[in-house]
Amino acid sequence: MRWNRCIAALLPVWLVASDAFGCPKVSGLPDFNCDGQVRVVVLGDSLVSGYGDSDNGNKGGYVLRAQASLPQATVENFGIPGLDTVQLLLNLNKAFRGTSYRALATALDEADLVVLDIGRNDRWFFGVPLQTFRRIKRAEALIKNRVAERAGNAPLVVAAVLMLPNRGSQGPWVLELNQLLEKSDSPTAPADLRFDQVSKRLIGADQIHPTPRGYKALAGVFVSYIKKLYPSHVRTLRPDLDEDGLYDLFEPSVFGTDPNDPDSDDDGLLDGDDPDSFS
């Protein structure tokens, strides 16, 4: 079982230092699914894949830069040029059925945080922003529900507020989509990764894709989010009411400890500092 592998993998770490816990933290970052690693998966279009990032051969973009700043995490880029929300839903269904996109399914099953940075290409199919917004929410629900079925618990899924393009009518269209996303923001379904805060002056000649400086600015927003707002969401969604250093959700099922007792085996050590308390 996944939980048994989790315990076996993490015990040697706990014996070294409490600050290095796989659950709830890995080198200071929350381990949302308590599997001993922090994995971030980014889904989106050519802006996610890094088109226009001439410093890196038109690929990598802000995801590549974020990985360099977050060595304690795995940050995976599943950006596909031209991807829209209709195709995203089709790809997700294929991934979860196992007919294709198997690497994506594996990454989502192991993800702590999933970012949906998508929607801007929908403008060219003459739909309205509300339809795109609804498909983003469907993708979010699909990921949560299917990963929960397959892996035992769902990742945190965040809808990014998109960087605004300069090209014609696409700008106002994306702005309207962004407003819908911002209004939907909630503790359980965050939409507070604000890529729209990056200046449009950092967009390249095609009026859509960032320059290398633009991708660097996006990476700054992304890394700040992972270090600050992501942990804040985790504190809300993964409470530790007995303050023993272990998420309440996983105490009975993963560790065999009591979520209402900080010292389950009464040896004077908090459960999170005491591998002997794990059954």
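## Asn58 and its loop

Asn58 sits in the loop that runs between helix H2 (46-49) and helix H3 (61-69), where helices are DSSP runs of H or I with at least four residues, numbered from the N terminus. The model is predicted, so that local features need pLDDT of at least 70 and side-chain atom pairs count only at pLDDT 80 or more, while totals for chains, interfaces and linings use all residues. Residues are numbered from 1 along each chain as its sequence is written, and side-chain values use heavy atoms, with hydrogens and water left out.

Most residues other than glycine have a negative phi. Asn58, which is not a glycine, has a positive phi near 60°. Because its relative accessibility is 39%, Asn58 counts as partly exposed, a class that lies between buried (under 20% relative accessible area) and exposed (over 50%), with a 1.4 Å probe and protein chains only.

## Tyr101

Tyr101 belongs to the loop between helix H4 (85-97) and helix H5 (102-110), and Tyr101 too has a positive phi, about 55°, although it is not a glycine. With a relative accessibility of 35%, Tyr101 is classed as partly exposed.

## Ser49 in helix H2

Ser49 is part of helix H2, and it counts as buried because its relative accessible area is 12%. The side chain of Ser49 reaches the backbone oxygen of Ser46 at 3.0 Å.

Leaving aside neighbours within four places in sequence, Ser49 is in contact (heavy atoms within 4.5 Å) with several residues, including Lys59, Gly60 and Gly61, as well as Asn77, Gly79, Ile80 and Pro81.

Note on methods: Helix = DSSP H or I, 4+ residues; strand = E, 2+ residues; numbered from the N terminus. Polar contact = N/O pair within 3.5 Å; in protein donor to acceptor, adjacent residues only side chain to side chain.
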